[in-house]
Amino acid sequence: MMKSLDGTDRKILSVLQREGRISNVDLARDINLSPTPCLERVRRLEKDGYITGYMALIDAERLNQAFVAFVTVDLDQTSTEVFDAFARQVRLLHEVAECHMVGGGFDYLLKVRTSDMAAYREFLGERLSTLPHVAQTHTYFVMEEVVVDPTINVT
C-alpha cells in the first residue's frame, strides 16, 4: 500500500512539475529540507508511482504542429474487443496528442496536432476514418489556446 502524501511531498511534486530539471540541492532549499532526505523523498515518490517521468515542454509552433483540433469518434459497436482494437490502432497515429474514452454522446475524444488544415484533412481521411469500427467523427478546431496547463493540483 502506498504511503499517503504529507505537505513536504506535495511541495516536492509542485516544484518538480514547474521545474523538472531543478537540482536536488535547489529543490531541498526551496522546500526547507536538507538534500539527503529530499532526495530520499523524491526517490520514494518515483518508486511509489507519484512521479511517472520527466519531460521537456516543447513549443508546438516552432515544430510546425500548432494546428489543433478536437475530434469526437463514434464507433459502430460498443464491445470490449472493439474498444481495445480502436485503442491499439489510435496509439499508432503520431498526430494524436491525447485520446480519451468518454461517456456520453460519443465514444472517444481526441486532441490532434498537425501543421495545418491540409495535413489535418489527410490525417482524417487517410488514417483516422479508415480505422476499423470508426462510424463517424466530428471535428472542432481550436482558434486560440486560452489555458494549457499540464500540471496537476497537488494541494
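Predicted model: local features only at pLDDT ≥ 70, side-chain atom pairs only at ≥ 80, totals over all residues.

Biologist: How far is Phe 67 from Glu 95, going by C-alpha atoms?

Modeller: The two C-alpha atoms are separated by 10 Å, while Phe 67 and Glu 95 are 28 residues apart along the chain.

Biologist: Let's zoom out. How many helices and strands are there in the chain?

Modeller: The chain has five helices and four strands. If you read along the sequence, they come in the pattern α-α-α-β-α-β-β-α-β.

Biologist: Is the chain compact or spread out?

Modeller: The chain is more spread out than a compact globule, because its radius of gyration is 20 Å, well over the 15 Å that the globule rule gives for 155 residues. The C-alpha trace spans about 55 × 40 × 25 Å along its principal axes.

Biologist: What share of the residues is buried?

Modeller: Buried residues are 29% of the 155 in the chain. As for the accessible surface, the chain has about 10,600 Å², and 52% of that belongs to carbon and sulfur atoms.

Biologist: What about contacts between residues at least 6 apart in sequence: what percentage join residues at least 24 apart?

Modeller: Of those contacts, 65% join residues at least 24 apart.

Biologist: New topic: pockets! What is the volume of the largest pocket?

Modeller: The largest pocket has a volume of about 730 Å³. Its lining has 21 residues, and Leu 16, Gln 17, Gly 53, Met 55 and Pro 150 lie nearest its centre.

Biologist: What classes of residue make up that lining of the largest pocket?

Modeller: There are twelve nonpolar, five polar and four charged residues in the lining of the largest pocket.

Biologist: And what is the volume of the second largest pocket?

Modeller: That one has a volume of about 630 Å³. It is lined by 23 residues, with Ile 58, Lys 111, Arg 113, Glu 145 and Val 148 closest to its centre. The elements giving two or more residues to this lining are β1 (67-75), β2 (96-101) and β3 (108-114).

Methods
Residues numbered from 1 in each chain as written. Heavy atoms only, no water. 1 Å grid on protein atoms, 1.4 Å probe; cavity = no way out; pocket = protein on both sides within 12 Å on 5 of 7 lines; lining within 4 Å. Points joined across faces, edges and corners; volume = space filled by probe spheres on them. Nonpolar A, V, L, I, M, F, W, Y, C, P; charged D, E, K, R; others polar. Rg over C-alpha atoms; globule rule 2.2 N^0.38 Å. Buried < 20%, exposed > 50% of the residue type's maximum accessible area, 1.4 Å probe, protein only. Contact = heavy atoms within 4.5 Å. Areas by Shrake-Rupley, 256 points an atom, 1.4 Å probe, with all protein chains shown as cover.
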